[in-house]
Amino acid sequence: MDCSVCFPFNSFSLNRPLTLSEKIVYGHLDDPHNQEIDRGRTYLRLRPDRVAMQDATAQMAMLQFISSGLPKVAVPSTIHCDHLIEAQVGGPEDLARAKDVNHEVYNFLSSAGAKYGVGFWKPGSGIIHQIILENYAYPGVMLIGTDSHTPNGGGLGSICIGVGGADAVDVMAGIPWELKCPKVIGVKLTGTLSGWTSPKDVILKVAGILTVKGGTGAIIEYHGPGVDSISCTGMATICNMGAEIGATTSVFPYNHRMRTYLKKTGRAEIAAVADEYSDLLVPDQGCEYDQIIELNLDELKPHINGPFTPDLAHPVSEVGAAAQKNGWPLEVKVGLIGSCTNSSYEDMGRAASVAKQALDKGLKCKAQFTVTPGSEQIRATIERDGYSKILGDVGGVVLANACGPCIGQWDRRDVKKGEKNTIVTSYNRNFTARNDANPATHAFVTSPEIVTALAIAGTLNFNPETDYLTTPSGEKFKLEPPNGDELPSRDFDPGQDTYQHPPADGSSLKVDVNPQSNRLQLLEPFDKWHRNDLENMQVLIKVKGKCTTDHISAAGPWLKFRGHLDNISNNMLIGAVNSENDAVNKIKNHLTGEYGGVPDVARHYKSMLHWSPGIWEGDRGIVDKTNLKKQGLLPLTFSNPSDYDKIRPDDKISIRGLKSFAPGKPLTAVLKHSDGTEETLQLNHSFNETQIQWFQAGSALNRMKEMQH
């Protein structure tokens, strides 16, 4: 790591002290001397060091890269097979079934990686973010990953940002990557973590303060004397779940906990360089944050957040009463530990220390209990050191080293669809039906040690700090606070070798895609803009209430079509609530008068009118507009948010002003109502000159090809 390259930016460049995230982000500017920097306003053109893709999103990213015509990726890149393994029976059996079911996808990714210079982590390797932390993250690096929990790497002082596949293609193609200059929210930590309080409780508390939107457009930067009481993997846990508050990413300053982790994971040389430049890897004295949150770790209590949203925060001591008041089921049906958020050696050790206390008293879990190791290295090490046996003896089933139930890859059979029940997890997200596709499941997010305690007790109405368990003989006892080594006293056991390094020259290799496949489909370029305004477009659906990515395009079983644009389109907006009838996936086809599913009606409109769903309007804005722009779409927001209410489901909309489309210049929407009346609305956009060229070319990929000729 040459820090003179990583950090060309210093306090003199902007004539003010810099936050840590500013140092790293501005240190990766494509043209630092001519870049305008204004937090929350200007767009930065950046040169990230590395790209990482999980197997669901890597399919489309690699298909796009192939269609670019470039011979090899421009930056080090990796593919990680973690999303397509369904939890059903247990690790070995589930992994074998996934390899069979996803055979053609894995072959495609492996062959595409080999041909274009991309490393390939085979199924069973582990979760992308854990692999990055163990192998690729280091202080000062900028990495982009095609998954929203990429910020996990901030636990090693990295700026790791989750992006769409199109952004990854840009970076792999050697094109500067655009990011709106982030604001910086400082979280000052004082005091020391102890007892039942864990790193997870820091982010659960912060989520309660900032809510799911409070971090939007900002980097969360942790600092202060309390940082040193948190392990490196604990810092990663906190950064990981920053995605749940909308943050661009999160980061911690370099310290001795990171140094120790780097050495334990075979990167002592990087630790030595980081030590040499340690003054650059912390915020400058006197730097300014856009917002400051102060958290005293001495006073922080264990938390549990939910149900149905990760920012509904409760101290564990109060959640039982809240459940009784709100009618949430008290019985815990399943406890699930692991995931990219909480699957470190320390996490597993602390959970095992709770489980062992129960076993020593003759108790096992009252709830079902599952364990997801974050990587093959973690799986092998906790097996060697006895944690797996303890967790198994208390009633746990060890699942494959993969995302599993956290992203909906869970063949759950203990409750029926629609049956009201409670689960507790150490995951990150708990939106309706995310984990098990059951909208009646009340999912709560907490630390692995609290999950373990609640799985043993079998009820939400249990506070391990104060409440007692009863042994089979009738003896009452209280669990002692958990303990677990930060890192193994012996070195990590690497387990099986699951990494495929690309050959030095893959130009003669072929990429494996069957033309008859229903999983993979080579791409056809999108049409260019026809140089006219968009006239008389039929409203497809007017959405009511919350509309997250899970509503727009849910994961779970649909992940298998992420490499097939036509098939994955059958998932479009099928979870969104139609304002016309409060129904899900039931909208009126205004050409036939009949009701149908959103994708079916869209296909009919397209076939009859050569209509393309190219406009995306939001009443309160769209968090990640850049990826939509890269696909040639036109994401717009209402100048007056209440104008959303003026749109009727049977309206026809014209977008005017595209012939003079320019940065900062609003567009106009003309609504034609079925009663013959019309209304005119102003629509805002955030397009810059480069992004307007994407729209005009039909996509960023089309524009990339134009520039090659």
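**Exercise 1. How many salt bridges does the structure hold, and how far apart are the closest N and O atoms of R16 and E22?**

Step 1: With that, the structure holds 36 salt bridges. Keep in mind that this is a predicted model, where local features need pLDDT of at least 70, side-chain atom pairs count only at pLDDT 80 or more, and totals for chains, interfaces and linings use all residues. Residues are numbered from 1 along each chain as its sequence is written, and side-chain values use heavy atoms, with hydrogens and water left out.

Step 2: look at the R16 pair. R16 bridges to E22, and their closest N and O atoms are 2.7 Å apart. Side chains of opposite charge can pair when their charged atoms come close.

Step 3: check accessibility, using relative accessible area with a 1.4 Å probe and protein chains only (buried is under 20%, exposed is over 50%, partly exposed is in between). R16 is partly exposed because its relative accessibility is 30%, whereas E22 comes out at 2% and is therefore buried.

**Exercise 2. Where do D360 and K356 lie, and which parts of the chain does the pair R656 and E535 link?**

Step 1: take D360 and K356. Their side chains form a salt bridge at 3.2 Å, N to O. Both sit in helix α14, four residues apart, about one turn of the helix. Helices here are DSSP runs (H or I, at least four residues), strands likewise (E, at least two), and both are numbered from the N terminus.

Step 2: classify the two ends. D360 has a relative accessible area of 54%, so it is exposed; K356, at 41%, is partly exposed.

Step 3: move on to R656 and E535, whose side chains meet in a salt bridge at 2.9 Å, N to O. This one links distant parts of the chain: R656 is in strand β29 (residues 652-656) and E535 is in strand β22 (residues 534-538), 121 residues apart. R656 is partly exposed at 29%, and E535 is partly exposed at 38%.

Step 4: look for shared partners. Salt bridges join R16, E22, R39 and D290 into one network.

**Exercise 3. Is H685 buried or exposed, and which backbone atoms lie by its side chain?**

Step 1: locate H685 in the loop between β31 (678-684) and α22 (689-697).

Step 2: read off its accessibility. The relative accessible area is 14%, so H685 is buried.

Step 3: search for polar contacts, meaning N or O atom pairs within 3.5 Å; within protein, one atom must be able to donate a hydrogen and the other to accept it, and residues adjacent in sequence count only if both atoms are side-chain atoms. The backbone oxygen of K665 is 2.8 Å from a polar atom of the H685 side chain, and the backbone nitrogen of F687 is 3.1 Å from a polar atom of that side chain.

Step 4: list contacts (heavy atoms within 4.5 Å). Leaving aside neighbours within four places in sequence, H685 touches a set of residues including P635, L636, F661 and K665.

**Exercise 4. Which residues of helix α15 are buried, and what do they pack against?**

Step 1: go through α15 (residues 376-384), where E376, Q377, I378, A380, T381 and I382 are buried.

Step 2: find their partners. The buried residues of α15 pack against α7 (128-135), α14 and α16 (387-393).

Step 3: look past the helix. G386 follows α15 and has a positive phi, near 90°.

**Exercise 5. Is N578 buried or exposed, and what does it touch?**

Step 1: check its relative accessible area, which is 2%, so N578 is buried.

Step 2: collect its contacts. Not counting residues up to four places away in sequence, N578 touches I541, K542, A583, K586 and I587.

**Exercise 6. Where does I552 lie, and how far apart are the C-alpha atoms of I552 and P283?**

Step 1: I552 lies in helix α18 (residues 549-552), and at 22% relative accessibility it counts as partly exposed.

Step 2: take the C-alpha atoms of I552 and P283. They are separated by 38 Å, and the two residues are 269 residues apart along the chain.

Note on methods:
A salt bridge is a side-chain nitrogen of Lys or Arg within 4 Å of a carboxyl oxygen of Asp or Glu.
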